[in-house]
Amino acid sequence: MLFINYVDRGALPTAARLVQGDLHLNYTQMGMLFSAFSWTYTLSQIPVGWLAERYGPHRILAAGLTLWASATILVGFAHTFATLLVLRLLLGLGESAGFPSAAKILAAIVPPRAWVRPTGSSRSGICPDRWWAPSSAAY
């Protein structure tokens, strides 16, 4: 789930030149689209973590997954800058449920002395293009 979380947020930057050409977007608009995800993702982490504590991480994760999957699917139907912007904001909100919910689920089912392996495994999806690199110094 966390791996997909990282892959789908990169879909727009990967297709940026095609989207920019098809929708006649300028560089400022593209920059706003790229950063819009981070606005809601960053601002939502703590409130979503609180919701996961209050209402249960499974419910919040399911709601987040539904929202981020819907936003990702609807990007293919977007034909305006405003629509893309709203979808990127919703993607950030939906994906913000991933880490707080996963951490809460792991904390509930794994004894504290055994947290290292499942936490490391769940975080291995964080940066899929760099997981194999021995260090960033190689770049």
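## Exercises on helix packing, a core and a salt bridge

Beyond its neighbours within four places in sequence, L33 is in contact (heavy atoms within 4.5 Å) with L12, L25, F81, L84, L85 and R88. This is a predicted model: local features need pLDDT of at least 70, side-chain atom pairs count only at pLDDT 80 or more, and totals for chains, interfaces and linings use all residues. Residues are numbered from 1 along each chain as its sequence is written, and side-chain values use heavy atoms, without hydrogens and water.

**Exercise 1.** Find which residues touch the most other members of the largest nonpolar core.

*Solution.* Start with the term: such a core is a set of buried (under 20% relative accessible area) Ala, Val, Leu, Ile, Met, Phe, Trp, Tyr and Cys residues joined through side-chain atoms within 4.5 Å. The core has 20 residues, and L25, L33 and L84 touch the most other members. Next, list the elements giving two or more residues: α3 (16–23), α4, α5, α6 (81–95) and α7.

**Exercise 2.** Describe the salt bridge of K104.

*Solution.* Apply the cut-off: a side-chain nitrogen of Lys or Arg lies within 4 Å of a carboxyl oxygen of Asp or Glu. The partner is E53, with the closest N and O atoms 3.4 Å apart. Now place the pair: K104 is in helix α7 (residues 98–109) and E53 in helix α4, 51 residues apart. Last, check accessibility. E53 has 52%, so E53 counts as exposed (over 50%). The structure holds 1 salt bridge.

Key. Helices (H or I, at least four residues) and strands (E, at least two) are DSSP runs, numbered from the N terminus. Buried means under 20% relative accessible area, exposed over 50%, partly exposed in between (1.4 Å probe, protein chains only).
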